[in-house]
Amino acid sequence: MTDTLAALRSLMSAHSPPLHALIVPSEDYHQSEYVSARDKRRAFVSGFTGSSGLALITMNEALLWTDGRYFLQAAQQLSDQWKLMRMGEDPAIDIWMADNLPTDAAIGVDTWCVSVDTAQKWERAFAKKQQKLVQTTRNLVDEVWNNRPPAQANPVIVHPLQFAGQSVADKLRTLRAKLVQEKGRAMIITALDEVSWLYNVRGSDVSYCPVAHAFAIVTLDSAFFYVDRRKMSTEANSYIEENGIIVRDYGDVSSDVVLLASNQLTPSPTKEFLRNLEIDGGNAANKGNGASHAVEFVNDLIWVDPGACCFALYSKVSADKVLLQQSPLALAKALKNPVEMEGLKKAHIRDGAASVVQYLVWLDKQMQEIYGACGYFQEAECTKQKKQLGTKRLTEVSVSDKLEEFRASKEHFRGLSFPTTSSVGSNAAIIHYKPETETCAELDPDCIYLFDSGAQYLDGTTDITRTVHFGKPTPHEKSCYTAVLKGHISLGNAMFPNGTNGHALDILARIPLWKDGLDYRHGTGHGIGSYLNVHEGPHQISFRPSAKNVPLQVSMAVTDEPGYYEDGNFGIRIENVLIVKKGNTKFNFGDKGYLSFEHITWAPYQRKLIDVSILVPEEIECLNEYHAKCREILAPYMNTSEMEWLMKATEPIAV
């Protein structure tokens, strides 16, 4: 690590102009949360492998900013060459740079890896001391990364209409109507899941995310797909051509944005478009693959999502000709169509059967046989000594692999949706803990076990967390678990008016924890894709200000996942996926209409970890109703012994 920092500082000194600091973001050219192996530049330079973080290298310091999910992990992974900066507690990176770097400092960054929003925020902070953001002539990390993983040519896969539920032509038509409404003539689409969703394609360029590295540009009468042509099979090429989409090389997006800016990419209006206008009497909305109508002649803006588009592409367009606004595809993608909704529900039923019930039945038996644990249902100390090392052992990794086996046996399975968090005892306090074979812990019946996992199925993406104990939980563990469960129930049962955002709802999951002076450092809920990214916007349920931006709407999917993490001791999280639906209220104040949630995750909560004395009758009734549905919905997937276990796990709690 020291050699890497020295090599980077040498390049910084030799750069023109010489750089006082170098920023190394986590993101790739598409501002992705999860990136491919060759794009993990921040992890390479710092040693910190979490999905969120930002590295800053000066001539005598190296600093790493990350959020509360990763404080423990970063503290463990960073060497003494690095200083951990805790977001929300320490000064933000732009403030730190403005305050600690000299006047007129040149601060380098690869602007392909920084969003418009972020770059502009930094520039405003730097302006106070005449500091400047400098686009490096090349990515300096790539220059010193000798064994950087090669680019892969994984195939682009057509996502069938039977799973997508909406044709490309319909999606383009809707997008173009939005462009016309906003006085736009084109949109640059950079987010990988948005490109995949719009064109109904999938890929495998990023682990756990079924997306291909690609850009798109959509004008009022043309659509472009920028991708490595080696990834395009005969089938994919035919499909793209049938939808009137032009395939261009991935690297051509840079020069094509320049052409687009000067109105030379697709001359507008085209002769074909003019003919359609004459035939239609001025309305071409249903012609071709969805071109809009005659107002295109006064439309002159290029739509760019400031949170998703890299600063490098934005810089090629005149600022007065850009519509800086959140992509309309983000909301369109979040509002699941009926086919996606049905697929998501079916995927979660299969996943609940595999990821929790069948897995826990197996794990319960193993813990009793190998470690003498009292098991999932009984509450007592172990009855015998652990077996000697060298005999069969259960580790965080080995049981995680078994969980994947159960999932892989289910219909439409295509892989995991994120690295499984399989964590015992103190490891469960690391919010995004990822066990490694060489260093992972052995399961312990005297400790809490938390597993957060999900899968990619052709008909939906899943995400579920359960926390269990195979021995005798302490009163404190039970109290904490029950507080988390109360918050989970409170949010899941919420009734709220149209227009309510996730920022307003976040408190519902925290109040039971706050009563005991407890809390957690992550958001409470995120959107989830339809065989796409497991984390999907634009909506979220969170304390973060960004959760105020988008109200929850009917047919959105969102997680409900409060937790509590006690450093060095244990961690607790409970997570279900919810669908926003119309609420059934006695009254309708202000004619707003009310919304509620529908659970689509089906897996029992562990009765042994619940302190029933803390629950109110309404909460007990809710638990009993949920468990009764678990029995009914999962029964077709259970064999006799699994069904017996499930019946016992879902026995009603006496009110």
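This is a predicted model: local features need pLDDT of at least 70, side-chain atom pairs count only at pLDDT 80 or more; totals for chains, interfaces and linings use all residues.
A few words will keep coming up:

- Helices (H or I, at least four residues) and strands (E, at least two) are DSSP runs, numbered from the N terminus.
- "Buried" stands for under 20% relative accessible area, "exposed" for over 50%, and "partly exposed" for in between (1.4 Å probe, protein chains only).
- Two strands "pair" if DSSP finds at least two bridges between them.

- Strand 17 (residues 448–453) is mostly covered, with six of its six residues buried.
- Ile 448, Leu 450 and Asp 452 point one way from strand 17, while Tyr 449, Phe 451 and Ser 453 point the other way.
- Strand 17 pairs with strand 16 (residues 421–424) in the antiparallel sense, over four bridges.
- Strand 17 also pairs with strand 20 (residues 464–469), again in the antiparallel sense, this time over six bridges.
- Asp 452 turns up in both pairings: it is the bridge partner of Thr 421, and it stands opposite Thr 465 in strand 20.
- Ile 448, for its part, stands opposite His 469 in strand 20.
- Strand 20 is mostly covered too, with six of its six residues buried.
- From strand 20, Ile 464, Arg 466 and Val 468 point one way, and Thr 465, Thr 467 and His 469 point the other.

- Three strands make an open sheet in the order 15-18-19, with antiparallel pairing.
- Strand 15 (413–416) and strand 19 (460–461) stand at the edges with a single partner strand each, so one side of each is left without a neighbour in the sheet.
- Strand 15 and strand 18 (residues 455–457) pair over three bridges, in the antiparallel sense.
- Within that pairing, Leu 416 stands opposite Ala 455 in strand 18.

- Asn 501 is in the loop between strand 21 (496–497) and helix 18.
- At 17% relative accessibility, Asn 501 counts as buried.
- A polar atom of the Asn 501 side chain lies 3.0 Å from the backbone nitrogen of Ala 504.
- A polar atom of that Asn 501 side chain also lies 3.4 Å from the backbone oxygen of Lys 548.
- Leaving out residues up to four places away in sequence, Asn 501 touches Ala 547, Lys 548, Val 550, Pro 551 and Leu 552 (contact means heavy atoms within 4.5 Å).

- Ile 511 lies in helix 18 (residues 502–514) and is partly exposed, with a relative accessible area of 34%.
- Together, Ile 507, Ile 511 and Trp 514 make a nonpolar surface patch of about 260 Å².
- Such patches are made of residues with over 30% relative accessible area and no salt bridge, where like charges are joined within 9 Å and nonpolar side chains (Val, Leu, Ile, Met, Phe, Trp, Tyr) within 5 Å.
- A salt bridge here is a side-chain nitrogen of Lys or Arg within 4 Å of a carboxyl oxygen of Asp or Glu.
- Lys 402, found in helix 16 (residues 396–408), counts as partly exposed at 23% relative accessibility.
- Lys 402 and Ser 355 are 47 residues apart in sequence and 9.6 Å apart in space, C-alpha to C-alpha.

- Most residues other than glycine have a negative phi, and most peptide bonds are trans.
- Asn 263 has a positive phi of about 65° although it is not a glycine, and it is partly exposed at 37% relative accessible area.
- Gln 31, in the loop between strand 1 and helix 2 (41–46), has a positive phi near 60°.
- Gln 31 is buried, with a relative accessible area of 16%.
- The peptide bond from Ser 16 to Pro 17 is cis, with omega near 0°, and Pro 17 lies in the loop between helix 1 (2–14) and strand 1 (21–25).
- Another cis peptide bond runs from Gly 537 to Pro 538, with omega near 5°, and Pro 538 is found in strand 23 (residues 536–541).

Terms used: Residues are numbered from 1 along each chain as its sequence is written. Side-chain values use heavy atoms; hydrogens and water are left out. Accessible areas come from the Shrake-Rupley method with a 1.4 Å probe; for residues, only the protein chains shown count as cover. A polar contact is a pair of N or O atoms within 3.5 Å; within protein, one must be able to donate a hydrogen and the other to accept it, and residues adjacent in sequence count only if both atoms are side-chain atoms.
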